[in-house]
Amino acid sequence: MPGSSIIEVKGLNMWYGNFQALRNISLTIPRHQVTAVIGPSGCGKSTFLRCFNRMNDLIPGARVAGQVLFDGQDIYAPGVDPTEIRSRVGMVFQKPNPFPKSIFDNVAFGLRINGYQGNLAEAVESSLRRAALWDEVKDLLHKSALALSGGQQQRLCIARAIAIEPAVILMDEPCSALDPVATLKIEDLMRSLAEDYTIIIVTHNMQQAARVSDTTAFMTMEEDRAGIVVEYGPTSELFANPKDKRTEDYITGRFG
Amino acid sequence: MKRHLAEAGDAALPPGPRAMRGGWQHLESKLVHWLLFGCALLSIATTLGIVVSLLSQALGFFREVSIWEFLTGTRWAPILVPQSFGVLPLVAGTLLVTVIAAAVAMPVGIATAIFLSEYAPDRVRRIIKPSLEILAGIPTVVYGYFALTLISPLLQKVFPDMLIFNALSAGLVMGLMIIPMVSSISEDAMLAVPRSLREGAYALGATRLEVALRVTVPAALSGIIAAFILALSRAIGETMLVTIAAGATPKMTFNPLESIQTMTAFIVQLSLGETPHGSLEYNTIFAVGLLLFLMTLVMNLLGHWVVRRWQERY
Amino acid sequence: MQQATTLFHRRLRLRKGVGDVFHILFLLAVFVGIAGLLTLLVQVLVQGLPWLNWHFLTSYPSRHPEQAGLLSALVGTVWLMVLTAAFTVPVGVGAAIYLEEYAPKNWLTRLIEVNISNLAGVPSIVYGLLGLTIFVGWMALGRSLLAGALTLGLLVLPIVIMASREAIRAVPWTYREAAYALGADKWQVTKGVVLPAAIPGVLTGTILAMSRAIGEAAPVLAISALVYLTFVPTSPLDRFTVLPIQIFNWVTRPQDEFRGLAAAGIIVLLVILLSMNAIAIYLRNRYQIRSEG
């Protein structure tokens with residue numbers, strides 16, 4: 001159902017202890033598209049991203065109010081198991097973080113913990129192919145993942161995330177630790193993955209957002225440093241005709 | 001490119017991939033949680049076990065001998081006739097050895113720590129630290145052997161009247177034994193002193209010694225005191241060395257050349273003998289053990305309290 | 001002005017002189033420890049080497065020094081180490097996992113932590129009295145290997161817990177994060193990622209704890225008493241002796257020959273301990289290289 005929405009955020013507020021990190025965010029994430037979240041550092045982009053798979057639950061003192069509807073179901077409703085959510089909404093982190101295990105075991109990890117019954121080797125191969133890594137590592141499957149280059153490690157992390165067939169993949173500045181060539185490869189990969197998955201990417205790099213995303217959310221922070229979404233819409237429009245003064249200042253480099 | 005789970009994937013991982021998990025996995029997680037909690041609780045059970053096993057038999061002892069007599073009596077002769085149960089000679093023996101050990105280990109240990117943290121280049125430190133760690137890892141029965149077969153005969157050349165079993169050689173060797181403990185805890189405390197403090201003093205033209213003695217040591221003082229307390233507690237509880245080298249004659253003396261008996265050595269001596277279980281004589285080791293436990297407990301609590309205070313400061 | 005400068009220089013020379021004197025004193029202090037260690041080793045080697053031979057390793061104790069050996073003690077030590085590890089490693093690692101990954105921040109956790117650090121300072125002979133009462137007496141295990149192993153297990157438990165906690169704490173948070181993001185629950189994260197990454201550190205700590213355990217004499221002495229064993233234990237419920245006790249036994253005999261035997265026994269014990277430490281250091285280095293690369 002391309003074109004329909006997969007996630008709906010309604011009146012989301014979030015706190016770390018007494019500090020309000022996000023204020024009153026409402027938006028809709030379209031299915032099978034790349035949605036970028038941009039904004040100045042410290043505005044709560046990553047915090048916002050981590051609301052989609054309840055990773056913030058792991059931080060003591062973190063509190064959420066409002067709704068995040070995933071296929072119509074509120075993931076913060078009582079009784080919802082966060083591990084269930086996380087197996088449907090995958091994540092790739094800022095720094096490549098493969099486990100200190102073999103390449104194969106890295107990709108198989110999520111399948112194993114989820115009790116996957118099919119052919120493990122096939123599933124691993126297919127995931128590595130889709131992450132455009134297979135040709136580089138097919139002879140090294142049982143070597144340590146830590147021996148790969150940074151760019152390869154990040155594609156491995158993507159393979160690891162897609163192995164369990166999530167509906168959504170969250171990417172938290174996935175290229176910030178990579179060189180330009182590796183960055184380009186990941187960006188290509190994102191475009192091709194968008195055929196099968198919904199991707200939400202946080203980036204501090206506006207060119208990257210313009211290159212890869214269909215939709216863009218611009219965030220900034222208010223006086224009390226709580227993050228808000230200022231403007232949200234199709235990427236081409238947001239960059240060509242920003243409606244809000246703050247968005248315009250930011251994308252033309254006049255921010256701050 | 002075909003997705004490996006594609007439509008058929010719904011059969012493999014329906015409907016969310018989580019279906020396989022469900023009940024069993026949840027149960028395993030719960031069980032493990034309680035099992036791990038049980039492991040952690042075992043440490044509490046150990047302490048309770050110590051207290052209960054000591055108390056249960058020490059109480060049998062104190063039914064026949066008053067606590068006052070035990071704590072203030074100056075003659076210790078539980079297996080002689082007439083019997084006498086004043087623990088002070090054992091305490092005096094323990095303290096005598098401990099004081100001698102402290103007299104060796106404190107200056108040497110702290111000076112070593114100063115050398116390692118303020119003077120030694122990295123290369124030298126990398127040799128000295130593991131060597132001192134070896135010293136800490138040698139079994140105490142070996143130190144007993146060392147005191148008895150080398151140090152005592154050497155000391156006898158200086159003090160010809162001294163017995164082969166004596167507090168001095170046991171104390172000196174115990175000092176050697178606890179040097180690594182004093183030096184490593186003190187060094188940790190000194191290394192935790194911020195560089196900026198030292199640089200401040202150097203910038204005023206202080207020499208290395210002045211920085212060490214006037215800046216580093218005072219700033220690390222509570223860590224050094226903690227090292228001292230913990231090392232003393234270790235010395236009080238040390239058993240084999242004093243059993244082998246210090247003698248088996250409980251005595252109210254502070255003359256290091258005499259043969260004495262420590263609390264720990266007494267416990268070993270009596271538990272090796274033919275004393276029947278449950279008898280008054282047998283129960284004395286639990287009374288002495290209880291006193292020993294309480295003494296070291298107070299010192300350890302004090303030591304750790306001092307360490308924590310110092311950690312919080314930086 | 002001129003005068004002040006010379007005064008300063010004179011004082012500076014003095015301060016530097018004092019500094020040099022103390023530098024030498026500090027060096028001497030270090031030398032005391034190292035020299036003590038070397039003297040001890042030389043004394044042991046000189047006295048013990050003449051007695052160290054194959055016969056010594058493969059014979060039972062004897063009243064005749066030239067026939068005596070430490071076979072029963074050697075086998076007893078190996079038994080005791082294996083049984084102690086079998087008890088203390090799972091429990092110690094379990095407690096460490098609980099404290100690092102599961103424990104809520106409350107008074108009970110705090111109590112457990114303070115308790116563990118205090119247990120580490122309880123004199124070993126007190127553990128002997130605990131074992132004597134509870135394992136030998138109440139649990140009716142007798143003066144057996146099992147009673148000894150349980151006692152030593154409790155004795156080194158704090159060491160295993162503290163070392164394992166450190167190893168677990170050293171596992172980067174990003175590993176846990178990655179596993180959680182794949183939908184793992186806490187136990188899956190721990191079992192699948194944290195523990196495998198912590199194993200080298202846990203092993204190192206375990207080896208060090210075991211080397212502490214097999215050097216202990218006092219608690220074992222309280223439990224096994226001084227026995228003259230001319231057989232090797234074949235089950236955990238057998239009576240036993242260990243190297244430090246055999247050494248103690250020989251040291252306390254007045255004849256010089258037995259002192260030689262004691263020294264030879266010490267060489268054997270130290271060789272075992274040093275090789276265990278070498279393995280631990282090897283593991284630690286390998287681990288450090290791996291986590292950097």
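Biologist: Which helix gives the largest share of the lining of the second largest pocket?
Modeller: In this predicted model, helix 2 of chain B does, with 7 residues.

Biologist: What is the volume of the second largest pocket, and what is the lining by class?
Modeller: The volume is about 840 Å³. The lining comprises 13 charged, 11 nonpolar and 6 polar residues.

Biologist: Changing topic: how many residues of chain A and chain C are in contact?
Modeller: On the chain A side there are 24 residues, in contact with 19 residues of chain C. About 1700 Å² is buried between these two chains, and carbon and sulfur atoms give 68% of that area.

Biologist: How many salt bridges cross that interface, and which residues are involved?
Modeller: The rule finds 1. Glu177(C) pairs with Arg50(A), and their closest N and O atoms are 2.8 Å apart.

Biologist: Now Thr207(B): where does it lie, and is it buried or exposed?
Modeller: Thr207(B) sits in the loop between helix 8 (195-203) and helix 9 (208-219) of chain B. Thr207(B) counts as buried because its relative accessibility is 13%, and the cut-off for buried is under 20%.

Biologist: What does Thr207(B) touch, leaving out residues up to four places away in sequence?
Modeller: Thr207(B) touches Tyr202(B) and Arg15(C).

Technical notes: Residues are numbered from 1 along each chain as its sequence is written. Chains are lettered from A and ligands numbered from 1 in the order in which they are written. This is a predicted model: local features need pLDDT of at least 70, side-chain atom pairs count only at pLDDT 80 or more; totals for chains, interfaces and linings use all residues. Side-chain values use heavy atoms; hydrogens and water are left out. On a 1 Å grid over the protein atoms alone, a cavity is a set of points where a 1.4 Å probe fits but cannot get out, and a pocket is an open set with protein on both sides within 12 Å along at least five of seven lines; lining residues have an atom within 4 Å of a point. Grid points are joined across faces, edges and corners, and a volume is the space filled by probe spheres set on the points. Helices (H or I, at least four residues) and strands (E, at least two) are DSSP runs, numbered from the N terminus. Ala, Val, Leu, Ile, Met, Phe, Trp, Tyr, Cys and Pro count as nonpolar, Asp, Glu, Lys and Arg as charged, and the others, Gly among them, as polar. Buried means under 20% relative accessible area, exposed over 50%, partly exposed in between (1.4 Å probe, protein chains only). Contact means heavy atoms within 4.5 Å. Buried area is the accessible area (1.4 Å probe) that two parts lose on being put together, summed over both. A salt bridge is a side-chain nitrogen of Lys or Arg within 4 Å of a carboxyl oxygen of Asp or Glu.
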